[in-house]
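Good morning, and thank you for making time for this item. I shall begin with a single residue and then turn to the arrangement of the chains.

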Protein chains: 2
Amino acid sequence: MPSYTAPIRDIQFVLHEFLRVSEQDTPGYTDLDADFTAAILEEAGKLSSAVLAPLNLSGDHEAAASTTGWCARPRASRRPSTRSRDGGWTAIDVAEEFGGQGLPYLMHTAANEPMVSANMALNMYQGLTHGAYTAIKIHGTDAQKACWLPKLGSCEWTGTMNLTEPHCGTDLGLMRTKAVPQEDGTYRISGQKIFISAGEHDMAENIVHLVLAKIPGGPEGIKGVSLFVVPKMLVNEDVSLGARNGVACGALEDKMGIHGNATCVMNYDEAEGYLLGEAHKGMRAMFTMMNEARLGVGLQGWAQSEAAYQNALAYAKDRLQGRAVTGTKNPAGPADPLIVHPDIRRSLMDQKSFNEAARAFTYWGASMIDRSHKMGDAQAEAMISLLTPIIKGFLTDKGFEMCVQAQQIFGGHGYIEDGGMSQFVRDARIAMIYEGANGVQALDLVGRKLAAQGGKPMMTLIEEIKVFCKENAEDADFVRDFIEPLKSASKDMQQAAMFFMQSGMKDPDAALSGSTDFMHLMGHVCLGWTWARMAKAAQAGLASGTGDRDFYETKIATGRYYMARQLPATKMHLARIESGAAPVMALEVDAF
Amino acid sequence: MPSYTAPIRDIQFVLHEFLRVSEQDTPGYTDLDADFTAAILEEAGKLSSAVLAPLNLSGDHEAAASTTGWCARPRASRRPSTRSRDGGWTAIDVAEEFGGQGLPYLMHTAANEPMVSANMALNMYQGLTHGAYTAIKIHGTDAQKACWLPKLGSCEWTGTMNLTEPHCGTDLGLMRTKAVPQEDGTYRISGQKIFISAGEHDMAENIVHLVLAKIPGGPEGIKGVSLFVVPKMLVNEDVSLGARNGVACGALEDKMGIHGNATCVMNYDEAEGYLLGEAHKGMRAMFTMMNEARLGVGLQGWAQSEAAYQNALAYAKDRLQGRAVTGTKNPAGPADPLIVHPDIRRSLMDQKSFNEAARAFTYWGASMIDRSHKMGDAQAEAMISLLTPIIKGFLTDKGFEMCVQAQQIFGGHGYIEDGGMSQFVRDARIAMIYEGANGVQALDLVGRKLAAQGGKPMMTLIEEIKVFCKENAEDADFVRDFIEPLKSASKDMQQAAMFFMQSGMKDPDAALSGSTDFMHLMGHVCLGWTWARMAKAAQAGLASGTGDRDFYETKIATGRYYMARQLPATKMHLARIESGAAPVMALEVDAF
């Protein structure tokens, strides 16, 4: 069975040496000294290793069971959910007024990582609850906040997001679920929603569904969509539970992965609902929490890769097979461990160098969200909006790819379900799909984000990379290993963006034909830039003479690997982009 | 539920316009005129679409059931296996003297493709039987052939391959299963084998296991391995069944995919076995059938991709979501079909351009095997040996990737098991692992095949591409679209091979660190070359003025896509390769 250990030293490196959190002026960050964050991470790590990870495989095997439209989570998940809730882990960044600890979102992200790595399907119950909490906190009236937030903050009640319908996912303007206004100010919600994670279960007394629906007579299409709070159990004035509402689980989906999460068809039959935010502004309400939700999914992608990597590494050190081409390394044994073989080492380095940069980049994104939410920092908001498609789309595409590589190291043993490596692949797969399929992320990036504010955020990013390169032009080794590859990749990114600007004017298909390639090109630039900055931080650690030399040297070597082996992908993506729309759109639909 | 239609026009194009089979001097090829092969393919297609494909999903869901060490295939698989057998499909290239049709291996490959696309797990029963047939045909005594081949040729009895043990897969020298010689010339086989596909089931009266084992006192390691025939039921002189042999299924593996095939732990307890070929030459016996076995697995990779693509294409034409960026294409409907979106088109073209080239390249490989086996053509044998790692490793890596892309087009619906898209991904995944994991294929390519015969086969390949480019330097459009990209990619391949030669002398790790990248680089060159030749064939079709213009124009446009969008990968792989061993091997094992 797979095991998991929270990489606390790596997380601490990102928080304190890469981001230098306690030196930042974001509210709440000065309290985040290394001892404080270490204490949190160690507890989160213990819970993850000892309680959550051991139940990951059984959650996959038992899956959620359905009985006449009612469903329960796997038996194995009950105890840890309670442990996680009772430990206050679900409320780490919940406002103190609603019973939480009021820590920054960055700390929620850092404490959440080990739990996602250890048991993604189970973590989703609290992740969705966190989403519902955030939506109501931002858009709710005072009365709504008072009613729902304390229970959601503590995870006593759990939350869901209801967007998709059988005939529409990406194109929510086609939505049919309707919300009919009542005289008392409530609405009656009717319709069917599908793919509702954590839609029904027996772990909480109540489930608070956030539901997108159309108020009859409103604007056509996406502009006529409103957001509603629809609880499973109606709630009395004193917040005690009342009658069952008109919402029921119609079926439990049999999925490729995340079996431990109950993905439901939810049927709404004149269910009582309460408008959240303004009528017809439901999509805008969803957008305000979108960066955060998508960052959470991006994290799932590489957190699964991290867990898969840890197990692949252990296997590569343990499994004896063949002899090193440069001479026997384990003369006492019948064969050398897998890790002596260069192609195995290449695969492990692919995984390691991706995971570490993905973590640092995601945490940096979380710090931008804190600046945006806590300080109204418009530049941070613009930057995280630009980079959200990278965090969600690129990191989940790559995270999945790395899970496949980790599984591959096990050979045939990786294909056997009892080994657990297949689960990482199957669970990571969903992160490429939900919360906006990755093709939609690429479309959002190229079709919207690149040109946002006249391209200013993109120019800011390019400028920041340029400044970094200029400021680090002295050290010849560093220039060769980090600055030159970064410059070259960044130039490819600019050239691709220029191609979009020039050709996109004449033919929008020319830009959109290269959208996925651009998302990957830019993703490599972002992770390359992240590695260059991490290598600087590691150099500082070495220079200080106080830390663990091996740790810093390993960090720098891992960064060098990423620059040498991953950044060359930017030229391939650029060539594909510059081939334009012609090859992509050449065939008539009937010619396929 | 997914559906499948055999792409007969595409297969016919490969056989008659690309390979021009009936003009070749390979024995049996002159009989393969277009009417004859069409008749075979149409029947194979009907069986695949109407019988095998509809049972693919139920085979996945039911899986093989285990009862006290005995197991049965999914109920759904019984009928079609019989149909496939009774129709003579399993014996298409079985020698006439053993009851087969004696057609070339190429025709077996072409008729097999639809069956693999339609139902890979089920097809494996006959695929493994075909392997056992081939091994005994090549290495058996006349008496052995007479005893086993008629029943294996007809699939009345099925076959298996027993190589892997719990502690060894790639490194078979570590094998512990032993074969003790008896006075009557038979052996007693004892040991445990794992991952045995089709190891136990109730579809045939007998199962003929081919088992690798060590004769005590023989050479150490891989040089002491011998191959044995070990039937489940002992066979009397008159080929009637005798007593049960000492072999039993110990457990059925729960796997990520190919659920419809019974993957077994097989326990041998003094089972009666018969030496096949020479003692201690078991690996050599395996090698003689390796190119064929690996070609079969390579075909599985892209045949799954073909089936997944057909369903993704149908969905992309049917599913209405969003509007085309260049203006509404389906004004009568609430939205445009997915296929109008450039990123969806890009994904479909990735799949289509890969599948078609993979097919042509594999069939070309099968024609080389025919030349090798039927004519003793040493150059063909050398060429297929060089390219087998590409067919097996590259085509299965890419085939899996394309299945993931096809699944992605379905969005959330692709993640639901009832939709069947997950099955293509999960089934295709095994092809990257078994029959030599793809890392081992890359090692075989770079560590052995490149340097074979002093590099002569590789030089022949390069020379053939060069000649092709020279012979087609007239048509400016063709040069721009096909010859230039092919030349450039081929140059990258030569440069990479040169790097291996130069650096590999000093440091073998430098070559092996780039082995997987080289396999992919060379794979793109091979498929690019295949596309250039297919485009020539399509041009000839156009020039003849007799065929379907749309078909030929689509073929050329699909080739252009591959050249423009896929061949740029060679530069990325070259850059990675030329970064050498340093980044890959930088970390000490303990530093991971």
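B:Gln539 is partly exposed: its relative accessible area is 25%, which lies between the cut-offs of 20% for buried and 50% for exposed. Please bear in mind that this is a predicted model. The residue belongs to helix H17 of chain B, which covers residues 515–544. Leaving aside residues up to four places away in sequence, B:Gln539 touches B:Asp475, B:Phe478 and B:Ile556. Its C-alpha atom is separated by 8.2 Å from that of B:Glu553, 14 residues apart along the chain.

I now move to the two chains. How is chain B superposed on chain A? A rotation of 180° with 0.0 Å of shift along its axis does this, with an RMSD of 0.0 Å. The two copies are therefore related as by a two-fold rotation axis. The same surface serves both copies, since 100% of the contact residues of chain B recur in chain A. Within chain B, the residue that comes closest to the rotation axis is B:Met572, with its C-alpha at 3.1 Å.

Two salt bridges are found across the interface. B:Arg565 forms a salt bridge with A:Asp517, with the closest N and O atoms 3.7 Å apart.

Definitions and conventions. Residues are numbered from 1 along each chain as its sequence is written. Chains are lettered from A and ligands numbered from 1 in the order in which they are written. This is a predicted model: local features need pLDDT of at least 70, side-chain atom pairs count only at pLDDT 80 or more; totals for chains, interfaces and linings use all residues. Side-chain values use heavy atoms; hydrogens and water are left out. Copies are superposed by least squares on the C-alpha atoms of residues with pLDDT of at least 70 in both. Contact means heavy atoms within 4.5 Å. Helices (H or I, at least four residues) and strands (E, at least two) are DSSP runs, numbered from the N terminus. Buried means under 20% relative accessible area, exposed over 50%, partly exposed in between (1.4 Å probe, protein chains only). A salt bridge is a side-chain nitrogen of Lys or Arg within 4 Å of a carboxyl oxygen of Asp or Glu.
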